[in-house]
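Please find below a colleague's note on the structure, arranged as numbered points.

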Amino acid sequence: MEHEPLHPPISQKIHWQLDLSFRHFNYTTPLIESIRGNGASSVVKPMPAAFVGAPMESSKASFITKMVLLDAAKAAVAPFERVKLLMQNQNDIIKSGRLPKPYNGIFHCFATTIRHEGIFSLWRGYPVMAIGDVFSMVIRYNIFEYAKTREDIRWTSMRVLELNCVAFFATQLLVHPFLYAGTRMATDVKITGNSGQRQFNGITDVYRKTLKSYGIVGLYRGFNITLVELVMLGALSTGLSPWKQYYSYTLQNDYLSRVMVEFGFDICGKMATYSMDTVSRRMMMTWGGVKYKSTLHAIAQIWKTEGVKTFYNGAGAEILLCAAYTGTVMLVIYVADVIRAATEKGSDDGRSALGFTARWKDPRGK
């Protein structure tokens, strides 16, 4: 392939994952991606073979770009996230006496929240989740950057898997308190007719009250079921990845179809693990009149008193959330590719004037 761009488009380098919180980060790590042959970045000095060509994480600038673009997309759809959390946990909010009656649907939840708390309240809880999101990406980036420098280690597939597990567990252990605080703030509804009081006045107030009442353990409610949820999500992502890549490649010239493929595969993973996400969030709501002793106790209590349907409260909002996020991310990718193409065209013109020709070798060998 002659006279092709020096680097593949951003949409080929970034394996975007539908994730509205940092719990759902991309499980296909740069190491495993490179072992499979994905990515095409230049290497300046010898590196362990498993790390060569790791997409995006290959440079600090590209990592920061990815982080900014993802957080911008998440900020744009944060209102859907709060509505989903409110509907998902509305029964526990009612038990705590902060909500007089259940929401009648997604749009009723939107309207009620805006009427009682204002439109900017739809972003309540997002800042702390964004902080945790940044921390999770920075932690994983530094773990893999450190591993790249260990040229004395022979990086077999098993060792790569072990490193991936360490990065996964370390990330979740350190950022779960941010997820807890974000969930508590997002589900903190103003009490109507009582001067608009809230249970928490901010992030520090969430931590102060939780630590005072339950200790450090209170910040890790729902942690176990979260790990199970993410392992299942990772397994599904790995199993569906070949099909997703096949259809994405087949439809690479059909932008709308690619968006639909991304949405379809990602919503399958979300819905398959949604009940676990509900249990995790409901355990975080343990406070006052709402008490869950363990994961199994929470599942049994919710099933017995509210029925199976409750495990999927807010699933409609989750689907809208995924649709909005997919559209936003694909739009960002499209704009980034347009900018990249225009930039490279200008660079190619400059190189041609100097007698140079830019060539990029297709990783498939064609």
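1. Cys109 is buried, at a relative accessible area of 0%, and Cys322 is likewise buried, at 1%. Here buried denotes under 20% relative accessible area, exposed over 50%, and partly exposed the range in between, with a 1.4 Å probe and protein chains only. A search of the whole structure returns zero disulfides, a disulfide being a pair of cysteine sulfur atoms within 2.5 Å.

2. The model is predicted: local features require pLDDT of at least 70, and side-chain atom pairs count only at pLDDT 80 or more, whereas totals for chains, interfaces and linings use all residues. Residues are numbered from 1 along each chain as its sequence is written, and side-chain values use heavy atoms, with hydrogens and water left out.

3. The protein contains 14 helices and zero strands; these are DSSP runs, numbered from the N terminus (helices: H or I, at least four residues; strands: E, at least two). Of its 366 residues, 50% count as buried. Contact means heavy atoms within 4.5 Å; among contacts between residues at least 6 apart in sequence, 76% join residues at least 24 apart.

4. Helix α8 (residues 157-186) comprises 30 residues and reaches 40 Å from its first C-alpha to its last, close to the expected 44 Å. That expectation is 1.5 Å times one less than the number of residues. A bend of about 45 degrees occurs in α8 at Val175, with Pro177 following within four residues; the bend is the angle between axes fitted to the seven residues ending at a residue and the seven starting there.

5. Salt bridges number 19, each being a side-chain nitrogen of Lys or Arg within 4 Å of a carboxyl oxygen of Asp or Glu. Arg82 lies in helix α4 (residues 78-88) and Glu117 in helix α6 (residues 106-117), so the pair ties together parts 35 residues apart in sequence. Both Arg82 and Glu117 are buried. Glu117 also forms a salt bridge with Arg198, the closest N and O atoms being 2.9 Å apart.

6. A further network of salt bridges links Glu81, Lys84, Lys270, Asp277, Arg281 and Glu318.

7. Where does Leu320 lie? Leu320 belongs to helix α14 (residues 315-353) and is partly exposed, at 34% relative accessible area. Leaving aside neighbours within four places in sequence, Leu320 is in contact with Phe80 and Ile106. Leu320 and Glu81 are 239 residues apart in sequence, yet 9.5 Å apart in space, C-alpha to C-alpha.
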